[in-house]
Amino acid sequence: MTRPVGPVGVGVIGAGVISDQYLENLTVFPDVRVLFVADLDVARATAQADKYGIAGSGTVEELLAHPEIEIVVNLTIPAAHVEVATAALAAGKNVWSEKPFALDRDSGRRLLADAADRGLRVATAPDTFLGAGLQTGLRLIADGTIGTPLTALALMQSPGPESWHPSPEFLFQTGGGPLFDIGPYYLTTLVQVFGAARKVTAAASTARPVRTIGSGPRAGTEFDVTVPSHHGALIEFAGGGSAQIIFSFESFRSRTGFVEVNGSAGTLAFPDPNQFDGATTVFDGTSDDGIEHPPVGSLSGRGTGVAELAQAIRAGRPERASGEQAFHVLDLMVSIAESAERGESVTLDSGFTRAPPVPADWDPKVATL
Ligand SMILES: NC(=O)c1ccc[n+]([C@@H]2O[C@H](COP(=O)([O-])OP(=O)(O)OC[C@H]3O[C@@H](n4cnc5c(N)ncnc54)[C@H](O)[C@@H]3O)[C@@H](O)[C@H]2O)c1
C-alpha cells in the first residue's frame with residue numbers, strides 16, 4: 001500500500017462549545033483538511049460545518065466511513081471519549097482526543113494497546129504545552145536557567161464553570177471536576193518539567209452537592225455534583241523533585257494559571273498552562289519583579305496538536321502530545337482521586353518519553369506537507 005502524501009484529512013466528532021476554537025484554527029492550518037463534522041445532534045454538526053465552510057456533515061458512522069479522513073478529532077464529552085476513540089481506531093483512523101484521555105486506567109490501557117496493535121496514534125489534548133508560552137518556559141528550564149528543578153506549586157481555583165457553560169453537568173461528573181477538567185493542563189506542564197510522577201498524597205472535598213446552570217437555554221436548572229470539587233495533593237516525581245497542587249471549583253476568589261517551579265538557581269513562573277501565549281518570569285534573587293521572557297513560538301490555539309500530529313504521521317515520527325503522556329497524566333489524576341478517597345499515598349508505575357522541544361520557529365500555519 002502506498003503511504004498517503006500531502007495534507008492530512010480530518011473529521012471532527014463533537015460540535016459543542018469547544019468545536020469553534022478547533023474549527024477556527026484547523027480550517028486555516030494548511031497541513032490538515034477538515035472534511036466532515038459529526039455529532040449525535042446532526043443539526044448541530046451541520047450548523048458548524050456550514051459556519052466553517054466544511055463540505056461534509058452528518059452522523060459518526062458517516063464520518064468514520066469517509067475514506068480520506070486519517071485523523072478523527074474527538075471533541076465529545078469525557079464519558080464518550082474512549083467509545084468514540086475506539087470506534088475511530090477500528091475504522092483505521094488516527095485519533096486526536098480532547099482531555100481526559102479516558103476515565104479509568106483499564107480503558108486507557110486498552111486504548112493505547114488498540115492503537116499500537118493497529119499502527120495508529122491516540123494523541124491527546126492538552127496541546128497548550130506546544131504553544132509559545134509554555135515552550136518558552138520549558139526551553140528556559142532545559143537551558144539551565146533555574147538550575148535543577150526541585151519543587152513546584154500549581155494552583156487553579158475558581159467558583160466553577162457552571163456560570164458560563166450552557167451544559168456544565170459533565171464538568172461535575174466522573175471525568176470532570178477540577179481534577180479531570182483543568183488538571184491535565186497543569187499536570188502536563190509539571191511532567192514536562194519533572195518527568196513521570198511516582199507517588200501522590202491527596203485530600204478532596206465537595207462544597208455543594210447541587211449546582212445551578214447559569215447561562216444558555218437551561219439557565220436556572222439544578223444538577224447533581226457527583227465528584228469532588230476540590231483536590232489538593234503532593235506529587236513526588238520518579239527522577240526527584242516534588243510539586244504541590246490545588247485544583248478547586250470551590251473558591252469565591254478566582255486565581256488561575258499559576259505554575260511556579262523552584263530550581264537550585266532560580267524560580268520560574270510559567271504563563272497560564274491553559275493558554276498558548278503569555279510571558280514566563282524568572283526570579284534569580286536580584287529583583288522582586290523578576291525577569292520577563294516574552295513568548296517565542298506559535299501563538300495558534302487549540303488544534304495546534306492536531307497539526308503537529310499530522311506532520312508526525314507523515315514523517316513517521318512520534319507525535320509530541322502522545323497517548324503515552326496522556327495516559328501517564330490520567331494515571332496521575334486517578335491516583336490523586338484514589339489517594340483522597342482512601343486517605344493514603346498511592347504509587348504509580350506508568351511512565352512516558354518526554355517529547356523534544358518544539359523548534360522556536362515552528363508554526364502550524366505554515367505548510368510543510
Ligand atoms: N468548553 C471548553 O471551554 C473546553 C475547553 C477545553 C477542552 N474542552 C473539552 O472538550 C470536550 C467537549 O467539551 P464541550 O465544552 O465542547 O462540550 P459540549 O457539551 O458543549 O459538546 C460536546 C458535543 O459532543 C456531542 N457528543 C457527545 N457524545 C457524543 C458521541 N458519543 N458521539 C458524537 N457526538 C457526541 C454532544 O452532542 C455535543 O454536541 C470535553 O472533553 C472538554 O473537556 C472544553
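Trainee: Over how many bridges do strand S4 (residues 71-74) and strand S5 (residues 94-97) pair?

Mentor: Residues are numbered from 1 along each chain as its sequence is written. This is a predicted model, in which local features need pLDDT of at least 70 and side-chain atom pairs count only at pLDDT 80 or more, while totals for chains, interfaces and linings use all residues, and side-chain values use heavy atoms, with hydrogens and water left out. Strands are DSSP runs of E with at least two residues, helices are runs of H or I with at least four, both numbered from the N terminus, and two strands pair if DSSP finds at least two bridges between them. Val-72 stands opposite Val-95 in S5, and S4 and S5 pair in the parallel sense, the number of bridges being four.

Trainee: What is the order of the strands in the open sheet of six strands?

Mentor: The edge strands of this sheet are strand S3 (56-58) and strand S6 (122-124), each of which pairs on one side only. The pairing in the sheet is parallel, and the order is S3-S2-S1-S4-S5-S6.

Trainee: At about what angle does helix H1 (residues 19-26) run to S2?

Mentor: Axes are lines fitted to C-alpha atoms, for helices over the stretch in contact, and angles run from 0 to 180 degrees between N-to-C directions; contact means heavy atoms within 4.5 Å. H1 lies across strand S1 (8-13), strand S2 (32-38), S4 and S5, and its angle to S2 is about 150 degrees.

Trainee: Which strand pairs with strand S7 in the antiparallel sense?

Mentor: S7 is joined by seven bridges to strand S12 (residues 242-248), and these two run parallel, with Ala-243 in S12 as the bridge partner of Ala-152. Leu-153 stands opposite Glu-260 in S13. The antiparallel partner of S7 (residues 149-157), again over seven bridges, is strand S13 (residues 255-263).

Trainee: Which helix gives the most to the lining of the largest cavity?

Mentor: On a 1 Å grid over the protein atoms alone, a cavity is a set of points where a 1.4 Å probe fits but cannot get out, and its lining residues have an atom within 4 Å of a point. The largest cavity is lined by 15 residues, of which Thr-124, Ala-125, Pro-126, Ala-326 and Val-329 lie nearest its centre. Helix H8 (183-194) and helix H10 (323-342) each supply at least two residues of this lining. The helix that gives the most, with five residues, is H10.

Trainee: What is the volume of the largest cavity?

Mentor: Grid points are joined across faces, edges and corners, and a volume is the space filled by probe spheres set on the points. For the largest cavity, the volume is about 90 Å³.

Trainee: How far apart in sequence are the parts that the pair of Phe-172 and Phe-223 ties together?

Mentor: Rings of Phe, Tyr and Trp (its six-membered ring) pair if their centres lie within 6.5 Å, and planes under 30 degrees apart count as stacked, over 60 as edge-to-face and the rest as tilted. The count comes to four aromatic pairs, and the one formed by Phe-172 and Phe-223 is tilted, at 5.5 Å centre to centre and 50 degrees between the planes. Because Phe-172 lies in the loop between S7 and helix H7 (177-181) and Phe-223 in strand S10 (residues 222-224), the pair ties together parts whose separation in sequence is 51 residues.

Definitions and conventions. On a 1 Å grid over the protein atoms alone, a cavity is a set of points where a 1.4 Å probe fits but cannot get out, and a pocket is an open set with protein on both sides within 12 Å along at least five of seven lines; lining residues have an atom within 4 Å of a point.
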